[in-house]
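User: Please take me through this model, starting with a pocket and then moving to the core.

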Amino acid sequence: MGLFSRKGIADPHLPDLTTKQADKLRALCAAVLGRQGAAVTDAGDHLYGDNDQKYGLFAISRKAATLSEKEWPAMVEQHFAGFLSSTPASKATVEELHAGVYPKFIAPHTMDWMESQHGPSAYSYVRPTARLPLLIALDSPESVSYLTADQVEFAGGADLLWDKAFRNLTDAGPGQPEEFTAEGGSFLVFETESVYQASWIACMDKFVESLGYTPGPLGALVTIPATNFLCLHLVSEATSIEDIKAMLMFAGTVHSQHPSPLAPLLYWWNGSTVENISSNEGEDVNLYLPDELLSVLQD
């Protein structure tokens with residue numbers, strides 16, 4: 001499990017590369033996609049297509065970092081070779097949508113940009129969750145595309161498609177945890193290659209059930225610092241302020257360095273709902289602990 005550190009000046013969106021290298025890679029990817037008929041806009045950690053598709057660059061940047069720059073053009077061509085066989089959301093059948101949709105968080109500033117391009121009504125089905133926008137995305141081997149409200153209605157409506165999206169998420173499984181300890185605190189880190197990993201916070205009961213965990217009456221502490229991370233600490237009598245500090249430290253580090261950050265915040269799942277219990281003001285972190293959690297920490 002890496003925290004995306006790198007010697008030298010790293011690109012703020014693709015930290016495995018320098019800014020100059022990242023610019024070169026983005027230009028190569030845009031050129032390849034352009035030859036395949038997709039006009040794209042550079043969005044830092046991804047390219048956004050005029051067909052409402054998102055082409056993530058995190059995985060390809062990691063691959064590029066292991067190769068010489070002379071090898072990049074061929075690698076990029078190969079990486080996007082499957083694009084023409086992928087079905088964008090606007091052309092997918094109802095069956096393809098039902099089989100390929102997942103719930104996916106996006107950063108609030110990305111949501112603002114998308115609404116500015118298409119109008120707020122285009123994503124009227126959005127579910128604000130954990131203080132973040134949760135959308136329905138169509139997954140394909142080379143891209144992720146966010147469904148519009150019209151596409152959701154075409155596929156049977158929001159209630160049905162949300163059900164399909166969460167069913168696909170749970171069928172994919174939660175991944176394997178790795179224990180993280182720091183300065184007396186500990187928790188589990190679920191880091192996967194899936195950009196839908198953080199979406200499990202929207203169905204925490206299914207998450208702990210799939211893991212075979214039995215949460216106590218005070219539920220769990222959770223963070224989702226980036227799209228492919230979920231960190232979990234089941235609250236018990238042994239829970240301490242050190243556990244909270246460790247989770248906040250880890251979330252802050254990943255959030256500041258990851259190319260697809262979500263939130264450095266700490267959440268409490270009380271067994272039924274998820275609520276935010278921290279905030280950030282510059283470098284300062286504020287905690288708002290419910291009385292139930294305070295009683296555990298003070299024992």
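**Pocket, cavity and core**

Analyst: This is a predicted model. In the second largest pocket, at least two lining residues come from each of β1 (40-42), β2 (46-49), β4 (101-105) and α5 (108-118).

User: Which element gives the most to the lining of the second largest pocket, and with how many residues?
Analyst: Strands β1, β2 and β4 each supply at least two residues, as does α5. The top contributor is the helix α5, and its count is three residues.

User: Which residues lie nearest the centre of the second largest pocket?
Analyst: The pocket has a volume of about 320 Å³. Its lining has ten nonpolar, seven polar and four charged residues by class. Of the 21 residues in that lining, those nearest the centre are A43, D45, H46, H109 and T110.

User: How many cavities of 30 Å³ or more are there in the whole structure, and what is the volume of the largest cavity?
Analyst: A search of the whole structure turns up one cavity at that cut-off. The volume of the largest cavity is about 50 Å³.

User: What classes of residue line the largest cavity?
Analyst: The lining consists of L221, V235, T239, I244, L293, V296 and L297. Helix α10 (residues 291-298) provides the largest share, three residues. By class, the count is six nonpolar, one polar and no charged residues.

User: Is I277 buried or exposed?
Analyst: I277 sits in the loop between β13 (274-276) and β14 (278-281). The cut-off for burial is under 20% relative accessible area. I277 has 0% relative accessibility, so this residue counts as buried.

User: Which residues is I277 in contact with, leaving aside its neighbours within four places in sequence?
Analyst: Contact here means heavy atoms within 4.5 Å. L221 and L293, which also line the largest cavity, are among the partners of I277.

User: How does the radius of gyration of the chain stand against that of a compact globule, and what is its value?
Analyst: The C-alpha trace spans about 65 × 50 × 35 Å along its principal axes. A compact globule with 299 residues would come out near 19 Å, and the chain agrees with that, at 20 Å.

User: What percentage of the residues of the chain count as buried?
Analyst: The chain has ten helices and 15 strands. Of the 299 residues, the buried share is 48%.

Terms used:
Residues are numbered from 1 along each chain as its sequence is written. This is a predicted model: local features need pLDDT of at least 70, side-chain atom pairs count only at pLDDT 80 or more; totals for chains, interfaces and linings use all residues. Side-chain values use heavy atoms; hydrogens and water are left out. Helices (H or I, at least four residues) and strands (E, at least two) are DSSP runs, numbered from the N terminus. Buried means under 20% relative accessible area, exposed over 50%, partly exposed in between (1.4 Å probe, protein chains only). On a 1 Å grid over the protein atoms alone, a cavity is a set of points where a 1.4 Å probe fits but cannot get out, and a pocket is an open set with protein on both sides within 12 Å along at least five of seven lines; lining residues have an atom within 4 Å of a point. Grid points are joined across faces, edges and corners, and a volume is the space filled by probe spheres set on the points. Ala, Val, Leu, Ile, Met, Phe, Trp, Tyr, Cys and Pro count as nonpolar, Asp, Glu, Lys and Arg as charged, and the others, Gly among them, as polar. The radius of gyration is taken over C-alpha atoms; the globule rule is 2.2 Å times the number of residues to the power 0.38.
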